[in-house]
Amino acid sequence: MIPTLLLTLATAANLAPVTGTQDDERTRWSIHAEKIYAAPGELIENGSVRVDAGKITRLGSGGGGDISVYAITAGLVDASVRIHEDRLSVEESSEIQPALRVADTLDPFSHLWQRQLRSGVTTVMVSPLDRNVVGGLSVVLKTGGPENIAARTVAVDAALCGAIGSSPSRGNHAVYGLPTDFFSRRPTTRMGVEWEWRRAFYDAALAQRHGAELDEDARGLLQVLAGVRPLFIQAWATQDIRTAAFFVEEMAREDFGQIRLIVDAAAEAWKEPAFLVRTGAGVVLPPFPHNGRSGPDRAFTAWSSAAQLHAAGIPLALSSHGAQSPADRLDRQAGYAMRGGLPFDAALAAVTLTPARMLGVDESVGSIAVGKDADLVLWNGEPFAATSRAVGVLLEGRLIVDPREEN
Amino acid sequence: MRSTIQSALALTLLAAPLLAGDGRLAIRAGKIITQAGEAIIDGTIVIENGRITAVGAEVEVPWDVEVLDATHLTAFPGFVEAHGNRGMDRPNENIDVAPFLNIRDSIDPVNFYFEDSLRWGVTTINVQQGASCVIGGQGMVVKPFGMTVEEMLVRPASGIKLSASPKSGKSRATQAQALRKAFTELEHYLAGLVQKQKDGDDSARREALYQGRDLDSEEAREGRAQAGSAAWTVADLELIPRGEIDEKQAPLLDLVEGRIPAWFYCGAPMDVRVALEVARKNGFLAQTTLVLASSCWKAADEIAEAGVPVVLSAALMHIERDPVTGEEIETFVPKVFKEKGVRYALASSNQSTQSLWFQAASCVAQGMSRAEALAAVTTVPADILGLGKRVGSLEKGKDGNVLLLSGDPLSVTSFVEYVVLEGSTVYDRSKDVRMRHLLEGETPEGTAPAGSEEPKVHEHEDEVVTEEEPVDAGEDKE
C-alpha cells in the first residue's frame with residue numbers, strides 16, 4: 001500500500017503522464033471545469049475542485065487541473081432504487097417486517113451497480129420491494145468501491161420502508177382450498193393493507209404506553225414514531241398518497257409520535273399537494289413515463305409534476321426507481337423535470353442535496369464542499385440537457401469513469 | 001362532415017377546417033434552420049400549392065398569402081421516420097411470404113400514433129410491415145394527418161419488408177431457407193410460365209381472367225423483360241404479357257428487377273450476411289436498406305462494403321456483458337456507422353422519451369456533431385426514402401412541411417408549437433388538450449376529473465384496447 005501511495009504522490013508532483021493502472025489507484029486529483037455547480041444555486045465559473053484521499057480538499061475559481069471538462073456536479077443521489085432484488089428478497093412469513101434489513105439481500109457483484117455509477121449516480125438508497133406492507137429497513141450505499149456491502153455502506157437502517165396501494169395485496173386471495181394456504185392470511189384489498197399499517201403501529205404504541213414487553217418489531221415501529229428515521233411509504237396513486245398522509249396524521253393525533261413521512265414513487269402527488277404540505281412530507285418521484293402512466297396502478301404523472309411540487313414547497317427528489325433502461329436513468333429524469341418547467345437549480349437539488357437530506361447523509365454527500373466525499377460527476381455540456389451526458393465519475397476520489405477515454 | 005367526425009373523436013388539435021388554408025402560407029420565423037446551409041435569422045418561408053416557393057431573409061410575400069407570425073419561434077423541417085410499423089392494425093402477418101399484401105389496408109388514420117407524431121414534429125413516416133415475416137407486404141410513406149389513407153399518402157409504394165431474422169416459430173436456418181426458396185420459386189414459376197406459353201398452354205391467362213385482372217390494357221399486354229442485376233434470369237420472359245403474371249408473384253419480380261425498394265430486417269449481426277446475400281443474388285441490393293437491431297454494429301464492415309444504408313434501432317446504446325468478467329461494454333451504435341462511412345437514419349420507439357429529436361440529441365451527447373445528428377433525422381432518411389427532393393430540408397421546391405419550435409430542436413425544454421404540412425397548419429400546441437394533459441396534468445373537458453381515474457378493467461382479453469404501440473415481434477428482443 002505504501003509504495004502505491006508514494007508512486008501516486010510522485011506522479012501528481014511531477015505531472016508525468018500516467019498509465020491507466022496507476023490512475024485506478026490514484027486518489028488525488030485536481031479537476032477544472034467551465035462551470036462547477038457546487039450546490040443548488042451555487043455556481044463557480046472557470047474553477048477547479050481538488051480531491052485527496054477520498055475527500056474534497058479545495059473548491060474555488062481558477063486553478064488548473066489534471067482533467068478539464070465543461071461542468072462538474074456532485075455525485076447524484078437516488079433515494080429509491082431496487083437492485084438485484086426478486087421474490088426471494090421478500091419475507092413472506094408476515095406482512096409487517098420492521099426489523100428486516102434489505103442490506104442482507106444485496107449482491108455487490110451485480111453489474112447493475114456499474115450502470116448506476118456510469119450514469120453519475122454515486123449514492124443510492126436501496127429499498128425493499130413493495131410486496132409487504134412494511135418491508136423492512138433500507139440501506140444507503142455508494143454504488144462502487146470494494147465488492148462488499150459493508151464497505152460501501154453510508155448509512156445503515158436509513159429508513160423504514162413500506163407500501164400502500166395494490167401491490168402488497170396483489171396475489172393474495174380470499175379463503176379457499178387448504179386452510180393453511182398462506183396467501184389467504186394476507187390482506188386482499190387496499191383496506192386490508194391500511195388496516196395492517198394501523199394495527200401494527202397501534203399495537204406497538206399501546207404496548208409501550210401500557211408498559212408491556214416490546215419485541216424487536218415493535219421497537220422498530222416505535223423508532224419511526226419517535227422520528228429516529230424517516231418512513232418511506234411507496235404510494236403511486238392519489239388515494240394511496242392520501243392514505244399515507246392520513247395515517248401519519250392519525251399517529252400524531254393519537255399522540256403516538258410524529259412520523260417523518262417520505263412518499264416514494266409518488267406519481268400522483270402533484271394532484272393533491274396540500275395533504276403533503278400539511279403533514280410536512282417529502283416526495284420521491286418515479287421515472288417520467290413517456291405516455292404519462294406508470295406503476296402498478298397505472299398512476300398518471302404529468303410532466304410538470306416536479307415543477308408543481310417544487311412550487312408547493314414540498315421537498316422533492318427524483319428517482320430512477322432502480323429502472324435499468326437508459327431512458328429511465330436519473331440524469332434523464334432531471335431533464336424531463338426541466339421539460340415540465342422545473343428550474344435547473346431545483347432539478348439539481350432533486351437529484352443531489354434533497355435526497356441526501358431525506359436519507360440523512362447530506363453531511364458527506366449531495367454537494368461539492370470541502371470536507372465532503374469526493375463524489376463528482378463530470379459533464380460534457382450543461383448537466384441534464386439532452387445533448388450532454390456524464391463523461392466522468394469520481395467516487396471517493398477515485399476516477400471510476402475517465403472522461404479522457406471519451407472517443 | 002369532416003369537422004363533425006373530428007370533434008366527435010375529440011381530435012381537437014387536428015382542427016384542419018379551421019386552420020388549414022389552401023396550401024398557401026407565409027411563415028415569418030425568428031430563426032430558420034433549413035438543414036441546407038446556414039441558419040437564417042428573421043426569415044420568411046413562402047409556401048404555395050403546398051410547396052415552398054421561397055426561403056430567405058429578404059423574401060417578398062405575395063399580397064394575398066396569409067402570414068403566420070412566428071417571429072418568436074424557430075422553423076425547422078419536419079423529422080422523417082425512415083422505417084416503422086406503428087400506426088397499423090396488427091403489424092405482423094402469419095403468411096411467411098406475402099409480398100402481395102399492402103399496408104394501405106392496415107393503416108389506421110385515427111391511430112393515436114399519428115396524432116402523437118405531429119406533437120413531436122415527425123411529418124414523414126415510412127410505415128412498413130412488422131419484422132416477424134419472411135417476405136412481408138408493401139409499405140407506404142405517409143404524413144401523419146388526414147382522415148383516410150389517401151389523404152395521408154406521400155408515396156404509395158415505399159418497398160417490401162423482408163426479414164433475415166427468424167419469424168416467430170422459425171429457426172435461423174429455416175428462415176434463411178424460406179427466404180432463398182421464395183426467389184427460387186419465383187424463378188421456377190416464371191420459367192414455367194414461359195414454357196407454358198411456348199407449349200400453347202393458356203392456363204396462366206385463364207387464371208388471370210379468373211382473378212378478374214385486366215388483360216387487355218396496353219400495359220397488361222406488354223411483354224415483361226427481366227431487367228435488374230439478379231444472378232439468375234429467365235430466358236424468353238419477354239414472351240409473357242405483364243397481365244398474366246400472378247399478382248402473388250408480381251411484387252417479388254418487381255423487387256428482383258430493382259423497381260421497388262427493400263427493407264431488410266436484421267435482428268442480429270449474423271443476419272446481415274444472409275440479408276446481403278439474398279439481396280445481392282436476387283438483384284435488389286442497390287434498392288436495399290437494412291433495418292438493424294443495435295447489436296448489428298458488429299457487422300458494420302460487411303455493411304459498409306455492401307454500400308447499403310441502414311435504419312438504426314431506437315436503442316442507440318448497445319449494452320453487452322462480458323460473460324467472464326461481468327463488465328458491461330457499451331457501444332454507441334451511430335458512432336460506429338459514422339466511422340465506417342455507412343449512411344444511417346435514426347429511428348424512434350416512442351414519441352417522447354425516444355422521439356427523433358431526442359435520438360439526435362443523444363448523438364450529440366455522445367460527442368457527435370450537431371449537423372451529423374440532425375441530418376440523421378431529416379435529410380438522410382429523406383434520401384433513403386427517395387424523397388430527398390421533397391422533404392428533409394427547407395428549400396425552394398420542397399414540400400411545405402415546417403415545424404415551428406419554441407427553441408432549439410435539440411433542447412429538452414423546446415416544444416413543437418405549430419406543424420405546417422404542405423402549407424396547411426395542422427397542429428397548434430395551444431389547442432392540444434392531450435399535450436396539456438400530459439404536460440400540466442390538466443384534464444381535457446368531458447373526461448373524468450383529476451383524482452377519479454381508475455385503472456382500466458377489461459373483462460375479456462379480446463376487447464382490450466391499449467394505446468401502447470404494437471409490439472414488433474422481431475425487433476430488439478436482444
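Me: In which helix of chain B is B:Arg273 found?

Reply: Helices (H or I, at least four residues) and strands (E, at least two) are DSSP runs, numbered from the N terminus. B:Arg273 belongs to helix α9 of chain B, residues 269-281. This is a predicted model, where local features need pLDDT of at least 70, side-chain atom pairs count only at pLDDT 80 or more, and totals for chains, interfaces and linings use all residues. Residues are numbered from 1 along each chain as its sequence is written, while chains are lettered from A and ligands numbered from 1 in the order in which they are written.

Me: Why does B:Arg273 count as partly exposed?

Reply: A residue is buried if 20 or more other C-beta atoms, placed from the backbone, lie within 10 Å of its own, exposed if 12 or fewer, and partly exposed in between. B:Arg273 has 14 C-beta neighbours inside 10 Å, so B:Arg273 is partly exposed.

Me: How many residues does each chain bring to the contact between chain A and chain B?

Reply: Two residues are in contact if their C-beta atoms, placed from the backbone, lie within 7 Å. Chain A gives 30 residues and chain B gives 26 residues. On the side of chain A that touches chain B, α3 (112-118) and α10 (330-339) each supply at least two residues. The largest share, 3 residues, is from α10(A).

Me: What kinds of residues make up that side of chain A?

Reply: Ala, Val, Leu, Ile, Met, Phe, Trp, Tyr, Cys and Pro count as nonpolar, Asp, Glu, Lys and Arg as charged, and the others, Gly among them, as polar. That side of chain A has 10 nonpolar, 12 polar and 8 charged residues.
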